[in-house]
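Here are a few notes to read alongside the model. Please keep the structure open as you go through the points.

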Amino acid sequence: RFHAKAFQSFRRDKAMFATIYTGNLRACEAVRLSINSFQEEPFIKELKKFAYMNVWGKGSNGSGERFREVPVTDIEYPEVMEWYCQCVRPWYLEQADPNETALFLSERGKRISYPALRKRFNEIVTLAGLDGKNYTLHSFRRAGAFHDTCNMDMQSVQHKMGHHFFATLCGYLPY
């Protein structure tokens with residue numbers, strides 16, 4: 001029902017939004033990911049090479065960017081990323097510089113920008129009939145944090161989110 005270009009965008013968006021949700025990432029962290037931002041955990045074979053995301057994100061109180069290693073806790077995520085890397089990303093690489101390492105690319109073969117990511121999110125919210133529900137890109141981070149508290153201890157979720165203070169994590173939870 002969509003032309004090829006739009007269809008490819010939806011396929012990329014599926015992997016992109018799954019990455020934000022699974023890693024509890026900020027949108028700016030997701031657009032900075034590269035194909036080398038993942039590492040494997042030899043003791044958890046099911047996660048393959050997608051056991052950890054290496055992320056550069058926001059530091060606290062204006063301290064500048066900070067690196068953190070985000071554990072992947074969704075056992076289905078590696079399958080999504082392998083599909084994306086093998087079936088979807090190559091379509092975007094046709095327009096890209098041969099040395100491009102950005103994980104998520106625009107239709108022009110460049111790293112997707114934050115405004116483009118936000119625009120894609122808003123288009124999908126509209127297509128899903130969810131306008132006016134106050135969903136933002138940050139909703140993925142909040143939902144991921146909440147769902148992680150169902151399966152992990154609070155200290156592990158705090159570490160995954162990159163929060164220095166426990167009270168910051170509590171702001172993400174509905175209780």
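1. Let's begin with R89, which is buried (under 20% relative accessible area) yet has no salt bridge, meaning a side-chain nitrogen of Lys or Arg within 4 Å of a carboxyl oxygen of Asp or Glu. The nearest side chain of opposite charge is E100, 5.8 Å away. You will find R89 in helix α3 (residues 77-93). Its side chain does reach the backbone oxygen of A102, at 2.8 Å.

2. A word on the basis: this is a predicted model, where local features need pLDDT of at least 70, side-chain atom pairs count only at pLDDT 80 or more, and totals for chains, interfaces and linings use all residues. Residues are numbered from 1 along each chain as its sequence is written, and side-chain values use heavy atoms, with hydrogens and water left out.

3. How many cavities of 30 Å³ or more are there? The count is 1, where a cavity is a set of points on a 1 Å grid over the protein atoms alone where a 1.4 Å probe fits but cannot get out. The largest cavity has a volume of about 40 Å³.

4. Residues with an atom within 4 Å of a point count as lining; for the largest cavity they are R26, E29, G57, K58, R66, F67, R68, M161 and G162. By class, that lining has 2 nonpolar, 2 polar and 5 charged residues. Strand β3 gives the most, with 3 residues.

5. Finally, look at K58 in strand β2. K58 is exposed (over 50%), with a relative accessible area of 53%. K58 and R26 lie 32 residues apart in sequence and 8.7 Å apart in space, C-alpha to C-alpha.

Key. 1 Å grid on protein atoms, 1.4 Å probe; cavity = no way out; pocket = protein on both sides within 12 Å on 5 of 7 lines; lining within 4 Å. Points joined across faces, edges and corners; volume = space filled by probe spheres on them. Helix = DSSP H or I, 4+ residues; strand = E, 2+ residues; numbered from the N terminus. Nonpolar A, V, L, I, M, F, W, Y, C, P; charged D, E, K, R; others polar. Buried < 20%, exposed > 50% of the residue type's maximum accessible area, 1.4 Å probe, protein only. Lys, Arg positive; Asp, Glu negative; His and termini not counted. Polar contact = N/O pair within 3.5 Å; in protein donor to acceptor, adjacent residues only side chain to side chain.
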